[in-house]
Amino acid sequence: MSRLTIQGLSKAFGDVVAVHQVNLDVAEGEFVSLLGPSGCGKTTTLRCVAGLETPTTGRICFGDRDVTRLPPEKRLIGMVFQSYALFPHMTVAQNIGFGLDVRGVHGSEATRRIADVVEIVQLSGLDARYPRELSGGQQQRVALARALVIEPAMLLLDEPLANLDARLREEMRFFIRSLQQRLGITTLYVTHDQSESMIMSNRVVVMFGGCIHQIGSAEDIYHRPATREVATFIGQANLIPGRVVEARDGTATIDTGLGRFRCGTRRAVDVGSAVTAVVWPEALRLTNGSDRSDLSGRVVARHFLGNLVDYRIALADGTIISIHALSGGAAPTGEAVSVQVDSDKAWLLP
Amino acid sequence: MRRWLLALPALLMVVVFVVIPYLNIVVMSFRTPSATAIHGPGFTIANYARALTDSLYLGLLADTLLYALATTSISLVLAFPVAFHLARTESRWRGLLYAGVLSPLLTGVVIRCFGWIILLANDGLVNQGLGLFGLGPYRFINGVGVTIALVHVFLPFMILPIMNAIQSVDPHLAEAARTLGASGRHTFFHVTLPLAVPGIQSGVVLVFVLSASAYIIPMLLGGGRVQTLPTVVVQQLMGGLLWPFGATLALILSLTALAIIGVFAALTRPSMQRVR
């Protein structure tokens, strides 16, 4: 197990800069995910840590050991690929034993360690099968076992759940997370699925266009997004422009098309300056229109999400906002409704 | 039933142009020779007795197979890096490289042989070049020239199937092997190479059969010093008008090549099954 330090990492392919000046520390035993849309540089960052790409500039250290120039086979990492990359010409046992075999671990010692790791990933009885004879979920477990059996200093996962169906994906999220906690292994996890990254990680790193936009806990990223991109990527944020009318420590009251409400903020803002507030769909309420500050609008679309209903509401000025309300009180499409913002649940973008 | 009908045109082609001519050759090989006609009256096994006991013909068979084996081995070694590069490269020159690989197939074999003769002749370009370093001149218009030309002409038949095989392998497999601690060399021999076996198998079979049955190349580049079974068969047919004996020699070559391919297929069978 070791700490991971990435300093000033950049990677260019020809003229295309895939990763730009990435700095990241992952503590021993921490689970950190790299989150972002495809092409944001998260996979390239992971591949640099694995040694599958050579950084253009920057340094990567495992603990105190500088591994920047080391080939992947010298790094002692366990990596799981999106395609699982199981060797099709080897059985499950041979696949898992591959890393032991190249390290000169053979015979009863190898058998014991393979059996141990097979037990850990709950995959007994499939040793003699070939990868093509396994289901997607089983292949996933083989890939995990193969990565873990060498007792790596770090676990690197590149969208490992992307090819699984929804139910299995859910199950594997918790499985991988609890496995990681049990083994206490430092883990870097690449995904484009925000809920996956929020459920699984200690900290989430959000990347766009090769740069890190924010590093923080799931709550941080969700409630206090650092940039407009983060806010819109994480969920259906309503971005509401407005003007500051009162600023105090950590809060600001702003005037917007949705009325006047208070927002949290991390920076000092001047009264009168133009700002953008992030208002989450669940911070908005449909009301009966009794309060004077309520806004009127019209339901233009309504999506049933199970426990919630997602309404798209057109306001008088044409702005479309989205609101999540608990299922129950139903407002059909086309109905006139009133909307109220919950004060203090909004956040000012810097 | 209907699916079987779709195969009918191909089946018809095979029967008319492969099975019937082959049966004809088989019958011919049991005919008696004649000085005035294509064959004499009645049937005999004397042709086979002669071909299989005369050390001249057995030696020719061995030479032919040796040329085929040398050509196949050299092609395999030369083809693999090219196939690997072509399969994996994202270079914009890929199309050009691909055309380069196919180029030996773009002109007739006779033209290409004359090209090699010009290059390899005693006062040809190659010897002139070697002369600059005080070497030679060497005689290339012999078995050496034949092998060079065979390799040149049949190389695409080795490169293309291997390239296809490598293309169908997930590039992440080699990377996964590296992350698990395998060196580049270990990865090549335990992951990349075993997975390319289907392509290697087709390439080897194609090049072996093509070079064992080559006629024009040994004729032209051997400079009269190289005799293989195909050249002797043609001599029997055209020169001696000995159709029955020519047919016998042709069949012996075909059957031997078939047997060798059978053994090769049996040997590579376990690794093929693992890949499938």
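Which residues does B:Gly42 touch, not counting residues up to four places away in sequence?

Reply: A word first on what you are viewing: this is a predicted model.

B:Gly42 touches B:Phe30, B:Arg31 and B:Thr32, once residues up to four places away in sequence are set aside. Where does B:Gly42 sit? Its place is in the loop between H2 and helix H3 (46–53) of chain B.

B:Leu125 is 83 residues from B:Gly42 in sequence. The C-alpha atoms of the two are separated by 55 Å.

Chain B has 14 helices and zero strands. Of its 276 residues, 38% count as buried. Look also at contacts in chain B between residues at least 6 apart in sequence. Of these, 70% join residues at least 24 apart.

Helix H2 of chain B, at residues 8–29, leads on to a pocket. It supplies at least two residues of the lining of the second largest pocket. H14(B) gives the most, with eight residues. The volume of this pocket is about 430 Å³. Its lining has 18 residues, and those closest to the centre are B:Tyr22, B:Ser213, B:Ala250, B:Leu253 and B:Ser254. By class, 16 lining residues are nonpolar, two are polar and none is charged.

The largest pocket has another make-up. It holds about 590 Å³ of space. Its 24 lining residues come from both chains: A:Arg47, B:Arg88, B:Pro171, B:Ala174 and B:Glu175 lie nearest the centre. The lining has twelve nonpolar, five polar and seven charged residues. The largest share, six residues, comes from H10(B).

Next, the packed interior. In soluble globular proteins, nonpolar side chains tend to be buried together. The largest nonpolar core here has 76 residues. A:Leu4, A:Phe87, A:Ile96, A:Leu144, A:Leu156 and A:Leu188 touch the most other members. Helix H4 (residues 136–148) of chain A gives the largest share of this core, six residues. A second, separate core has 31 residues, including B:Ala83, B:Leu155, B:Ile217 and B:Val226.

A:Leu188 shows how its surroundings are drawn from along the chain. Leaving aside neighbours within four places in sequence, its contacts include A:Leu4, A:Leu24, A:Val26 and A:Val32. Also among them are A:Leu46, A:Val49, A:Leu155, A:Leu156 and A:Leu157.

Last, the layout of chain A. Its domain assignment gives domain 1 (4–230) and domain 2 (236–348). The C-alpha centres of these two domains of chain A lie 38 Å apart. Six residues from domain 1 and seven residues from domain 2 take part in the contact.

Terms used. Residues numbered from 1 in each chain as written. Chains lettered and ligands numbered in written order. Predicted model: local features only at pLDDT ≥ 70, side-chain atom pairs only at ≥ 80, totals over all residues. Heavy atoms only, no water. Core = buried A, V, L, I, M, F, W, Y, C linked by side-chain atoms within 4.5 Å. Buried < 20%, exposed > 50% of the residue type's maximum accessible area, 1.4 Å probe, protein only. Helix = DSSP H or I, 4+ residues; strand = E, 2+ residues; numbered from the N terminus. Contact = heavy atoms within 4.5 Å. 1 Å grid on protein atoms, 1.4 Å probe; cavity = no way out; pocket = protein on both sides within 12 Å on 5 of 7 lines; lining within 4 Å. Points joined across faces, edges and corners; volume = space filled by probe spheres on them. Nonpolar A, V, L, I, M, F, W, Y, C, P; charged D, E, K, R; others polar. Domains from an automatic or database assignment.
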